[in-house]
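Keep the picture open as you read, and check each value against its rule.

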Amino acid sequence: MSPGFRGRPRPAAALPPGQYLTEDFPVLSAGPTPRIPLDEWEFVLTTEEGLDRRWTWPELLALPSERPTVDLHCVTRWSKLATSWQGVSLDTLLADLPTGAGYALVHCYGGYTTNLPLADLRDGRAWIVYGHDGADLVPEHGGPARLLVPHLYLWKSAKWVRGIRLLTEDQPGFWESAGYHDYGDPWREQRYQGD
Ligand SMILES: Nc1nc2c(c(=O)[nH]1)N[C@H]1C(S)=C(S)[C@@H](COP(=O)(O)O)O[C@H]1N2
Ligand SMILES: [Mo]
């Protein structure tokens, strides 16, 4: 048994350019961790016409959930592979919502925002997650619930998510206004504006 050998190595192609693997799960937050009592928690989708669709905490938990296992890629260059989550697909939340919007601006308890095209929230690529590794999602990592959109850099996976506003025009969020890339595809290494 050679030291340090643990099973089959993953192919290098599993990591986007400029990323390294980490086993632990760093916490990156731009401000203090908000604590949201579950009886006050709500998630609101707002269309470009101003139509609201709201879920309380028990209503969110009552929706069909999925258990995605996904790789995370942070713009600070760490990647963590095969992380497991539980939550509700955005396809479920967006179903039958009348919208022609092309963009989404995600809002959080605490004030953080991030933007992405609405299409990137569809087709089984984004979830509102409340479970991680078989337990409730801890506050430091975004509990009670966060957005998980793992095909983009992790700053798009908004912690303590409160709502998503659908927009006809793109509007930059917190890091996007500070020089980070508007889209943030790790495989194309879209870290900063102009990449
Ligand atoms: N509300 C909120 N969401 C956020 C952030 C934040 O500061 N506030 N940081 C983002 C950044 S830059 C990263 S890398 C990830 C970090 O998630 P983690 O702390 O669970 O590793 O959360 C993202 N979501
Ligand atoms: Mo980040």
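Contact here means heavy atoms within 4.5 Å. The model is predicted, so local features need pLDDT of at least 70 and side-chain atom pairs count only at pLDDT 80 or more, while totals for chains, interfaces and linings use all residues. Residues are numbered from 1 along each chain as its sequence is written, chains are lettered from A and ligands numbered from 1 in the order in which they are written, and side-chain values use heavy atoms, with hydrogens and water left out.

Q: Which residues is aspartate 120 in contact with, leaving aside its neighbours within four places in sequence?
A: They are Arg125, Ala126, Val149, His151, Leu152 and Tyr183. Aspartate 120 itself sits in the loop between strand S7 (113–117) and strand S8 (127–132). Strands (E, at least two residues) and helices (H or I, at least four) are DSSP runs, numbered from the N terminus.

Q: Why is aspartate 120 called buried?
A: Buried means under 20% relative accessible area, exposed means over 50%, and partly exposed is in between (1.4 Å probe, protein chains only). Aspartate 120 has a relative accessible area of 5%, so the word is buried.

Q: What makes the meeting of the side chains of aspartate 120 and tyrosine 183 a polar contact?
A: A polar contact is a pair of N or O atoms within 3.5 Å; within protein, one must be able to donate a hydrogen and the other to accept it, and residues adjacent in sequence count only if both atoms are side-chain atoms. For aspartate 120 and tyrosine 183 the distance is 2.5 Å, and the contact runs from side chain to side chain.

Q: How do you know that phenylalanine 25 and tryptophan 85 form an aromatic pair, and what makes it edge-to-face?
A: Rings of Phe, Tyr and Trp (its six-membered ring) pair if their centres lie within 6.5 Å; planes under 30 degrees apart count as stacked, over 60 as edge-to-face and the rest as tilted. The structure holds eleven aromatic pairs. In the pair of phenylalanine 25 and tryptophan 85, the centres are 6.2 Å apart and the planes make 90 degrees, which gives edge-to-face. Phenylalanine 25 lies in the loop between strand S1 (20–21) and strand S2 (42–46) and tryptophan 85 in strand S5 (residues 78–89), so the pair ties together parts that are 60 residues apart in sequence. Phenylalanine 25 is buried at 17%, and tryptophan 85 is buried at 3%.

Q: Why is phenylalanine 174 called partly exposed?
A: Its relative accessibility is 39%, so phenylalanine 174 counts as partly exposed. Tryptophan 175, with 30%, is partly exposed as well. Both belong to one aromatic cluster, together with Tyr112, Tyr153, Trp155, Tyr180 and Tyr192.

Q: What makes glutamate 176 and lysine 156 a salt bridge?
A: A salt bridge is a side-chain nitrogen of Lys or Arg within 4 Å of a carboxyl oxygen of Asp or Glu. The closest N and O atoms of glutamate 176 and lysine 156 are 2.7 Å apart, and the pair forms a salt bridge. Glutamate 176 lies in helix H3 (residues 174–177) and lysine 156 in the loop between S10 and strand S11 (161–167), so the pair ties together parts that are 20 residues apart in sequence. Glutamate 176 is buried at 3%, and lysine 156 is buried at 0%.

Q: How do you know that glutamate 140 forms a salt bridge with arginine 35?
A: Their closest N and O atoms are 3.6 Å apart, and this counts as a salt bridge. Glutamate 140 is partly exposed at 33%, whereas arginine 35 is exposed at 60%. By the rule above, the count comes to eight salt bridges.

Q: Why is arginine 188 called exposed?
A: Arginine 188 has 54% relative accessibility, so it counts as exposed. Its salt-bridge partner is aspartate 185, at 3.0 Å from N to O. Aspartate 185 is buried, with a relative accessible area of 13%.
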